[in-house]
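Student: I am new to this structure. Can we go through its parts step by step?

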Amino acid sequence: MTTVETEAPTLQKGAAMGQSVPRKEDGRLVQGQGVFFDDIKRHGMGFLHFVRSPYAHAKIESIDVSAAHELPGVYGTLTGDEVAILTDPFFQIAAPPGGHVKDYALAVGKVRYIGEPVVAVVAQTRELARDAAELVTVEYEPLEVVVDARKALQEGAPVLHEECGGNMSYTGVWEWGDVDAAFAEADHIVSIKELHFDRFNSTPLECDGALVEYNRGTGQWTMYTNNQFPGFAAIMMGPALRVGLDKLRIVTQDIGGGFGNKITTHPQLVVCCLLARKLKRPIQWTEWRTEFHQSMSHGNERWFEDTEVAVKADGTLLGFRTKAIDDAGAYLRYEPLGGVIWSQVAPGMYKWRHLRVEFTQAMTNKAPCSPNRGYSRMQQLWFTERVIDIVAHELGFDPVEIRKRNYVQPEDMPYETPNGCVYDSGDYPRALEMALELVGADRIEERRAEAASRGKLLGLGIGSTLDSGTNNFGQSQLVNPDLQFSGNNEVATVKLDIFGEVVVTLGTTPQGQGHETTAAQVVADTIGCDVDSVHVRAGHDSYWNSHAGFSGTYASQFAVTGLGAVKGAADMLAGQMKQLAAMVFQCAPDDIELAEGFARIKGNPEAALPFMALGAIVNANNAGFPDDPPTLNCRYVYRPPFQVPDKERKFGNLTLTYSMQIHACVVEVDPETGVTEVVDYAAVDDCGTRINPQIVEGQVMGATAHAIGAALWETFAYDEDGNLLTPNFYDYHVPHALDMPPLKTAAIESPSPFTPLGTKGMGEGGGGGIHCICAGIQDALRAAGGAIVTDSHNPYHRVWELIAHPERSRENVEVRSK
Amino acid sequence: MATTPTTSRTISVEINGTTYEREVPASRLLVHFLRDDLDLTGTHVGCDTGSCGACTVQLDGAAVKSCCMLAVQADGASLRTVEGLAGEDGELSALQQAFHTHHGLQCGYCTPGMLMSATALLERNPHPSEDEVKLALQGNICRCTGYWNIVEAVVAAGEGGAQ
Ligand code: FES
Ligand code: FES
């Protein structure tokens, strides 16, 4: 069931835009004709397998690869010692102390987590490479391990990177408003000793990998890969390999899911590059599932310590203070950006103006973190939502009313947050009403009683989140003032070819978001043709000249940056087509209209040139043209209107758009077992103008599934020795078809006033699911001792604990009233 | 200790109507035989524990995970892969069409396995209920769609009476 309510739209919806055009990508994908990196073969290619560390922390005493080399069919190996000679350590985003981390493509001297690549072996077949890797002997001297970020920061903890002088990679105080005054004014102060956001990631079904070729004549590498942020990968790889970026050609086509987890594959790509050059043959690397789980891109785990919330007697929230401890894992691949990204949504959806966060990031003997759908914002939003529900629980407010009272209101839009971010548009209270209606909240007490009669505890939960999209990379300067990044950009080209083909190239790396389709919709409406006539090249290729420094698909931005670039290029092309037709018809360009595949004189449909004629004139029949004809090959760089944030005040607009999600659920908890069943679920989304509603709904669904998984089943749990206890889909339970609750979706469209099409990025709005399930469980448990949910991850055994010992979680919370 | 493949064997399998005879190492998985040796790359690999179903093919009519079998075990069998679903003329099967219409795929990586599991279901139960579909697909993981549209697509294909 889908309900749509539209605010006054800024966009005149076209024949294609705003329609659920079935996807162009599907034809190849349903026939097994997609081209994923592992489908690409080259003559004489060698398969790469990594020898990985079995220790979470150890010195590498010696490495012996000779037995592997003796195995027939083995082409060669690469060790950390060679990497240390042939490359420079990766550029660090962090300022010192994190900036001192020396991160190489393979472990050098020491290993810091289980699964860290130590040696790479290349052989004729996959099987042989794996067997040969077993013949490599590495001697280790184990060191003491630390897997808990809180302990890692303590005096005397084992230190991962000696150069850093400790395990702290970044720390900073973020304070806005007048926090002390807010607490002085408060009628109640609610304190919460500790909250924990668990470690997991979105585990795309396709693991990482690449086929890498080296051209010895030109010194150029070509990487067919599934890296989802080629702009970032190139910036990391070029200096490490000591080459200019022209030497790195990154090509993607179909990518089997990404969700941010495929941003930081640059170390493995460097290994492939070195081996392609060393062994003079193409290198094929495909990660195995267990390797992915053990070593790639975990989401940031975060603790919130000693939180205090200032609340007025009427339920008005004035502010909060907390100490966040973020666990980055063993290396800083994209970190410490998580140390600023959270502040895009510092106050969540609420109007409190006085906030203080002491943010500290620690390194531990666990897999490195990097972006994961909802990157770093999800943790902060979960925190604000948990705070709201704990405050409501402790002070006796209705979770619905306290939200409505404190939400940023539609009349406040655009709303500037205490730290200078600008929420562009939206109506949060109305979305909440819609979500509650969809889950039948008005009958909740009746249903609670009915469930109780079956021995079940029933609860209603709400999760209100924002998906901040289109980064201002200037925010990186808030964690490291010396960085030279700001703004954002994306590129598209649109051209009219010789037979009238409309051809579009993008800098993005879609992983299922349907860019070929939505780009075609925008172009079709802009130049006056149908969607089928627009050919959008699949994927990214550094040789297309349609990319810039921030090209890629990440951080909820395609609908703004990608389609902004497409719209800009299509507008340019439309202008040129009119100019050319005007030359032919000897009239003014304004007299020309583009429609149905023709450039024609308005009001005189007889005078019409098909697109093919225009393409042919410019490309193949241009002699004797009086003026310079246009090129009909248009490149546009979309650049959002950003300023560099104020580093002193940590103030400024960090993202351009704010999509909104209100999730609501009804859960039933079995008090005997702690098992939670989600029995009703609704997701209301507002991402401004929707180019393709079906694709938008698909993203909402996918993100919701991730959130439900994270709330109930998915966790990267470690034991004290640094062993990952969930290294595959056997132990790491992602939702299956049978696990999914019934889902209702609805949408509001509040166009963004700041973007070319009124769109907002929206792929990462699923955090709402984690919050609403936590809230639903807490609500259900009110009738069984009133436990407080303090963790984002609530598997049955944790819920059972909450029921068995409600007082333990309650000790976490204290209220002081004046 | 390493196990070097010292033996290989010639096998003969019929796949999507074509018979292939190849010598394969004993340690080669069926999925890698399909992908690497025969270039039938529509069948995917998503895990190393038999948990995800991306590699699902039909073996003598039954949906099986081709990562859980050695190629030599398929000797003499008749296989169908995603490449064999559309008609000779490229016309999509009703199920493929339903995935397209109902937006039952995003990245498309799980799709071949989903289609093969669902095809096997529709062959033995042409009009499955929603719950029957979910049960039949419980060995197939999708990380993009949350399954809702996939289930809807399979039910719709069944309602059309196709297959
Ligand atoms: S690859 Fe066969 S079940 Fe995952
Ligand atoms: S569509 Fe991406 S895994 Fe299913």
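Student: How far apart do the C-alpha centres of domain 2 of chain A and domain 3 of chain A lie?

Tutor: This is a predicted model. The domain assignment of chain A gives domain 2 as 172–201 + 297–363 + 370–474 + 645–817 and domain 3 as 489–638. The distance between their C-alpha centres is 41 Å.

Student: How much area do domain 2 of chain A and domain 3 of chain A bury between them?

Tutor: In domain 2 of chain A, 23 residues are in contact with 19 residues of domain 3 of chain A. The count of salt bridges between these two domains is zero. Of the area they bury, 65% is on carbon and sulfur atoms, and the area comes to about 1500 Å².

Student: Which domains of chain A does the largest pocket lie between?

Tutor: The lining of the largest pocket has 43 residues, and among those nearest its centre are Thr715(A) and Asp719(A). Both domain 1 and domain 2 of chain A give residues to this lining, so the pocket lies between domain 1 and domain 2.

Student: Which element gives the most to the lining of the largest pocket?

Tutor: At least two lining residues each come from α5 (149–152), β14 (301–311) and α20 (796–804) of chain A. With four residues, the element that gives the most is α20(A).

Student: How many residues of the lining of the largest pocket are charged?

Tutor: The space in the largest pocket is about 900 Å³. Its lining residues include 20 nonpolar and eleven polar ones, and the number of charged ones is twelve.

Notes: Residues numbered from 1 in each chain as written. Chains lettered and ligands numbered in written order. Predicted model: local features only at pLDDT ≥ 70, side-chain atom pairs only at ≥ 80, totals over all residues. Heavy atoms only, no water. 1 Å grid on protein atoms, 1.4 Å probe; cavity = no way out; pocket = protein on both sides within 12 Å on 5 of 7 lines; lining within 4 Å. Points joined across faces, edges and corners; volume = space filled by probe spheres on them. Nonpolar A, V, L, I, M, F, W, Y, C, P; charged D, E, K, R; others polar. Domains from an automatic or database assignment. Contact = heavy atoms within 4.5 Å. Buried area = accessible area lost by both parts, 1.4 Å probe. Salt bridge = Lys/Arg side-chain N within 4 Å of Asp/Glu carboxyl O.
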